[in-house]
Structures are given as C-alpha cells and as structure tokens.
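Subject: Structure handover

Hello,

Please find the structure below, followed by notes on what was found in it.

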Amino acid sequence: MKSFRSPLNTGTLTSAFGMRDPVVVNGRVGLPHHDGIDIANSEGTSISAAMDGKVLSFSADRVFGVSVKIEHRFGIITEYNHLDISSTILEKGMPVKQGGIVGKMGDTGFATGSHLDFRIRDNGKAVNPLMSIKLPEGISLDNHSVRMNETGIIQNILKEN
C-alpha cells in the first residue's frame, strides 16, 4: 500500500494536532482540541490528495467551510477543509489519485485566514497527520502560532521524517 503524502508542497504549519488555545473569530470561540493540522499558504494554492481513494463527500458548512472527504482503503478517511468555493470540481464517488488536485486553498467557514485544515481518521478516530505524512522541506513551522508545548514535539517529528 502507498504511504500518505503531504497535501501541500509549501506553506507554514500554523496549528498542530491536539489541545490548543481557543480561537476567537468574529466573537465565536473555536474548540480547544484540534483534530488535524493547519497549513497556511496563499489563497488559490493547489491542494492534492494524500493517497488514492474516492470522494466520500463534498460539502460546505459554517465551521469547516468548503470541505472534501476522501475515503481510502482499510477505513481511512482524509479531510480537506476551508477550501475555496470556486476551485473544487469533485463529486461524490469520483476516484482520486494520490497527488491529484482536490481543491484550492481558501478561507471559507470558521477560518482566521487562508489555510488548509487537514485531518486523517482511522475508522472514525482522529489521527495526528504528522505521524502519517512526511512534510516536505517547503513547509515551515510558525513558532508564534503553534503553542510552545507543541513546538518541541513538532520539531522532533519534522527531524524524524
């Protein structure tokens, strides 16, 4: 089976998996546990599939904005949130190849700026994406946005990959 690949080649890791300070946007408070990672980049940056699969859903809501979920083998689902509304042409059931474009970076939903909220679920359970993908050298770490107690862990993971 192929391994996961990063959905982005460049950007800044701005929020890690796990507990974080609550985020306030327009007076609304986000949940303190983050089930994914946030990678910021310019609006319109291409986002690619982490692994072969098929589109489970394409939806939009007030929290995640435009979102694509891809179903992979063995109960694995990857989620791509806050996508640009005009960039996604996927439909439920469509096959997706690893590296194929699933959408463009946006700031839809409950977002503080243009970024991808990337999540992996294994049979419904949230999995830390940093334990499953190797981030390319083009992804940097924003020490100001990532909580200090997470920073050491993230830097060690980046070194191991």
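Among contacts in the protein between residues at least 6 apart in sequence, what share joins residues at least 24 apart? The share is 68%, where contact means heavy atoms within 4.5 Å.

This is a predicted model, in which local features need pLDDT of at least 70 and side-chain atom pairs count only at pLDDT 80 or more, while totals for chains, interfaces and linings use all residues. Residues are numbered from 1 along each chain as its sequence is written, and side-chain values use heavy atoms, with hydrogens and water left out.

Overall make-up

The protein has one helix and 15 strands; these are DSSP runs numbered from the N terminus, with at least four residues (H or I) for a helix and at least two (E) for a strand. Of its 161 residues, 45% are buried. Buried means under 20% relative accessible area, exposed means over 50%, and partly exposed is in between (1.4 Å probe, protein chains only). The protein exposes about 8400 Å², and carbon and sulfur atoms supply 53% of that area. Accessible areas come from the Shrake-Rupley method with a 1.4 Å probe; for residues, only the protein chains shown count as cover.

Strands and core

Strand β6 (37–40) has antiparallel partners in β1 (residues 11–15), through three bridges, and in β13, through four bridges. Strands count as paired if DSSP finds at least two bridges between them. Ser15 stands opposite Asp38 in β6, and Ile37 stands opposite Phe118 in β13.

The largest nonpolar core has 27 residues, of which Ile47, Tyr80, Val102, Leu116 and Phe118 touch the most other members. Such a core is a set of buried Ala, Val, Leu, Ile, Met, Phe, Trp, Tyr and Cys residues joined through side-chain atoms within 4.5 Å. Strands β6, β9 (65–71), β10 and β13 each supply at least two residues of this core.

The aromatic pair

There is one aromatic pair, meaning rings of Phe, Tyr or Trp (its six-membered ring) with centres within 6.5 Å; planes under 30 degrees apart are stacked, over 60 edge-to-face, and the rest tilted. Tyr80 and Phe118 form this tilted pair, with 5.4 Å centre to centre and 50° between the planes. Tyr80 lies in β10 (residues 76–83) and Phe118 in β13 (residues 115–122), so the pair ties together parts that are 38 residues apart in sequence. Tyr80 is buried at 0% relative accessibility, and Phe118 is also buried at 0%.

Ala49

Ala49 sits in the loop between β7 (46–48) and β8 (53–61). Ala49 counts as buried because its relative accessibility is 0%. Leaving out residues up to four places away in sequence, Ala49 touches several residues, including Arg5, Ile70, Tyr80 and Val102.

Salt bridges

How many salt bridges are there? The count is four, a salt bridge being a side-chain nitrogen of Lys or Arg within 4 Å of a carboxyl oxygen of Asp or Glu. One of them joins Arg121 and Asp35 (3.4 Å, N to O). Arg121 is in β13 and Asp35 in the loop between β5 (33–34) and β6, 86 residues apart. Arg121 is buried, with a relative accessible area of 18%.

Lys54 and Glu71 form another (4.0 Å, N to O), linking β8 and β9 across 17 residues. Lys54 is partly exposed at 42%, and Glu71 is partly exposed at 31%. Salt bridges that share partners also join Asp35, Glu79 and Arg121 into one network.

Regards
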